[in-house]
Amino acid sequence: MDPMETIRQTFFQECEEQLNETETGLLALEIGEADSETVNAVFRAVHSIKGGAGAFKYERLVRFAHVFETALDGLRNGRLEASPSAMKTMLRSADLLADLVREARGDAAVDDARLEALRDELGRLAEEPGEPATQAADSFGFQPLTLSLGDLAPETPPSQGWRIVFRPAPDLYRRGNEPARILRELAELGDMRVTCDASALPLLDAFDPGGAYLAWSIDLTSAAPREKVEDAFDFVIDDCELRVAPLAPAPDAEAANADGLEFTPLSIDLPMIDAPTAPQAAASPPPTERKVETVRAEATVSQTIRVDLERVDRLANLVGELVINQAMLSQSIVEAALPRASKAFDDLTALEQLTREIQEGIMAIRAQPVKPLFQRMTRIVREVADATGKMVRLKTEGEATEVDRTVFEKLADPLTHLIRNAVDHGLETPDERAAAGKPEHGEVRLTAAHRSGRIVIDVSDDGKGIDRARVKAKAVEKDLIAADAQLSNTEIDNLLFLPGFSTAAAVSDISGRGVGMDVVKSSIQSLGGRISVSSRPGLGSTFSLSLPLTLAVLDGMVVKVAEQTLVAPLTTIVETLRPKARDVHRLGVDQRVLADRGVFVPLIDVGIEMGFRTTPADPLSGVVIIVEGDGGARCALMVDSILDQRQVVIKSLETNYQQVQGVAAATILGDGRVALILDIDAFVAVTHSQPPLAAVS
Amino acid sequence: MSMTILTVDDSRTMRDMLNLALSEAGYRVVHAIDGEHGLEVLRAEKPDIVITDINMPRLDGYGFIEAVRDDPGFRNLPILVLTTENAPDKKERARKAGATGWIVKPFNAEKLVSVVRRVAA
């Protein structure tokens with residue numbers, strides 16, 4: 001790829017980071033939880049965006065970033081107060097800046113009116129109190145010009161060239177400038193004769209190595225304009241005496257030449273110029289020490305590397321294959337009927353350990369914290385709040401929780417939708433809230449956590465809760481349920497996820513973007529996740545997403561049911577046991593419950609549930625696995641026997657076949673056969689609609 | 001041996017751009033991500049020229065330049081400052097800290113290299 005194109009990609013990546021930084025900082029400022037470094041960080045972020053944008057000539061982005069930066073500078077040096085209204089403008093500016101970055105990247109263009117309105121608003125913000133900024137700039141602005149002002153007159157065409165008298169001050173050397181280099185640059189403009197005036201040079205005992213004793217007189221024969229000549233002195237103009245006068249015109253030329261001949265031509269006294277440099281060499285440490293330092297410096301530089309995602313994915317796939325292969329190997333070793341003490345078993349165990357570590361390592365590479373995703377949501381909340389006139393605070397928790405990259409990317413849309421819903425449908429207007437005795441500011445909470453091998457993300461609001469009467473009426477009206485259907489609260493809440501359901505009386509601008517909760521549900525499901533809702537009237541609703549940590553491998557218990565091999569995810573298993581006759585109770589015609597540790601749990605014959613057999617097996621002949629679903633509900637799964645406990649590679653059933661109720665995915669076993677992975681929550685859900693189970697007294 | 005240039009900038013984009021332009025011109029480029037880090041790399045690498053940004057976390061450009069000038073070993077090291085606009089006050093502050101010259105962003109490779117050559121031995 002063109003190197004500039006690569007840098008452009010870097011720029012956009014970096015912009016995302018800086019935009020996040022900006023937003024985080026501004027939010028902290030808004031609630032008064034900021035220190036001086038926060039403002040600096042925000043300023044730097046916007047400044048960096050401006051710098052990069054300038055390099056790529058994104059003019060609109062540069063101009064807006066500049067105005068924004070000026071306002072932030074006001075905030076930084078205390079000229080501007082972080083009032084609520086000012087912070088609101090700043091936050092909206094951050095949003096606009098983000099949009100301009102996207103525009104630069106080729107996404108939707110930013111509306112001109114919006115850009116100008118905000119630019120004016122920021123401009124007014126920056127100017128408000130007394131505008132000392134321009135004054136400061138002015139007082140500095142004049143200073144560097146003083147020297148050249150006197151010589152401004154010669155607008156005459158450069159006849160022969162220029163006579164330059166150049167007398168450096170000590171500061172010139174102190175700032176690392178070097179007359180020899182300036183002379184060299186001048187030499188590029190034309191023929192040059194240089195005379196060194198060493199008359200100020202003291203005797204050695206009075207010599208100050210940091211002093212400046214030499215001056216030069218330069219006759220430059222060149223057609224270059226004055227600016228070009230002065231440009232060579234640009235960096236030192238305040239650290240020297242400089243006179244630039246036109247070289248005497250033609251008639252005097254000979255005289256000038258004659259003059260020049262009297263001097264020794266171009267004798268730059270090198271040892272003399274080098275003199276101040278001497279201590280530097282002396283201060284250099286010995287080479288060995290230097291080497292050690294180099295190594296250390298490199299260690300700090302290469303803290304991160306960036307790797308093409310495809311390579312990581314390839315690696316992840318390969319490890320998946322490795323796990324399968326290892327299973328096959330272990331099968332072969334078993335079949336080879338080696339003696340128990342054979343070293344092959346030890347080696348195999350070591351290999352399993354290694355494979356697991358490699359796999360965890362790759363997962364860690366692919367994992368990324370949900371923080372950026374959560375940060376994006378703060379903006380959504382703000383936009384929806386602005387559009388609906390609601391007052392909302394977003395609280396986030398568990399931002400450091402890591403999810404697999406694939407999951408991360410696919411979470412953005414469902415989360416956005418849930419957040420929009422929470423503000424638009426969940427929360428009340430400030431008036432309604434006040435009337436209900438709640439604080440005017442509604443609260444939306446977004447939390448992430450690892451829970452038993454899964455990621456759980458909750459979106460909750462403290463709004464009015466689901467209006468179940470209305471939901472039910474709507475479902476009846478839309479012919480989704482029968483008018484006389486008797487539904488539990490949970491069942492009514494779950495109507496929200498049905499295709500074709502939309503509660504808003506008028507499809508609002510915000511939530512009604514053609515995406516219903518059914519789409520959210522199916523996109524979560526496609527990630528191997530589940531969504532559930534709970535709600536309390538007047539207190540709010542919570543949408544809970546539960547997602548697998550990884551999409552590639554899981555620890556499973558391999559079981560046998562009616563000659564079929566199945567896998568139960570280890571994370572869902574609470575315990576396994578052989579039931580005793582006194583613990584198994586009949587419930588109704590064909591249902592049974594198992595008393596386990598004082599609680600009745602539904603007993604499910606997996607063979608019948610999966611359709612492997614029609615006659616129920618004797619519960620006492622098999623093994624029971626107690627599993628727990630996401631909601632904490634348990635059930636007892638009856639299987640014939642437990643074969644093994646091992647890592648299995650997840651192969652999606654949907655991509656290879658179709659979704660099957662009760663089956664989460666499939667895997668390939670060591671002997672090359674396909675085994676189905678059970679969807680424990682589906683099993684728990686089967687029993688969920690049963691009458692509640694009473695605890696044994 | 002080619003000259004070594006230390007670039008100090010908290011922006012990856014800017015570091016990459018400097019790196020591209022300078023290495024194409026034949027310089028060896030080492031990076032640092034802020035002033036503090038810049039001082040570490042400076043002592044380890046002993047660069048011939050330093051190019052530094054002003055706005056950086058931990059230690060900004062002014063502080064970095066002052067620290068470099070405080071070290072007798074680097075008193076004459078050419079230090080160029082990156083500034084976004086032709087802001088006289090910034091240049092003045094950088095000069096006071098001990099900067100040799102400045103580069104106004106946005107720069108193109110040609111302009112950058114010519115400024116580097118201006119201060120390079």
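How many contacts beyond four places in sequence does the model have for residues 689-697 of chain A? The model has ten, where two residues are in contact if their C-beta atoms, placed from the backbone, lie within 7 Å. Over this stretch pLDDT stays under 50; pLDDT is the predictor's confidence in each residue, from 0 to 100.

## Numbering and cut-offs

Residues are numbered from 1 along each chain as its sequence is written, while chains are lettered from A and ligands numbered from 1 in the order in which they are written. This is a predicted model, in which local features need pLDDT of at least 70 and side-chain atom pairs count only at pLDDT 80 or more, while totals for chains, interfaces and linings use all residues.

## Confidence

For the complex, the predictor gives an ipTM of 0.83 and a pTM of 0.52. Chain B has an average pLDDT of 86, with 97% of its residues scoring at least 70. In chain A the mean is 77, and 82% of the residues reach 70 or more.

Within chain A, confidence is highest in strand β13 (residues 564-569), at a mean of 91, and lowest in helix α6 (residues 132-142), at 39. Helices (H or I, at least four residues) and strands (E, at least two) are DSSP runs, numbered from the N terminus.

## Chain B and D53(B)

Chain B contains five strands and five helices. Their order from the N terminus is β-α-β-α-β-α-β-α-β-α. The chain has 121 residues, of which 56% count as buried; a residue is buried if 20 or more other C-beta atoms lie within 10 Å of its own, exposed if 12 or fewer, and partly exposed in between.

D53(B) lies in strand β3 (residues 49-53) of chain B. D53(B) counts as buried because it has 29 C-beta neighbours inside 10 Å. Beyond its neighbours within four places in sequence, its contacts include D9(B), D10(B) and L82(B). An unreviewed UniProt entry places the feature "modified residue: 4-aspartylphosphate" at D53(B); UniProt positions are given in the numbering used here, feature names are shortened, and annotations may be inferred rather than shown by experiment.

## Strands around β11(A)

Strand β11 (residues 540-548) of chain A is mostly covered, with seven of its nine residues buried. Strand β9 (residues 454-461) of chain A runs antiparallel to β11(A), joined by seven bridges; two strands pair if DSSP finds at least two bridges between them. I455(A) has L547(A) as its bridge partner in β11(A).

Strand β10 (residues 530-536) of chain A is also antiparallel to β11(A), again with seven bridges. Here S534(A) stands opposite T542(A). β10(A) and β11(A) form a hairpin with three residues between them, and G538(A) in the turn has a positive phi of about 85°.

## Strands around β17(A)

Strand β17 (residues 599-605) of chain A is largely enclosed by the rest of the structure, because five of its seven residues are buried. Strand β16 (residues 591-596) of chain A pairs with β17(A) in the antiparallel sense over five bridges, and A595(A) has F600(A) as its bridge partner. The two strands form a hairpin with two residues between them, where R597(A) in the turn has a positive phi of about 50°.

β17(A) also runs parallel to strand β19 (residues 634-639) of chain A, joined by three bridges. L603(A) stands opposite A636(A) in β19(A).
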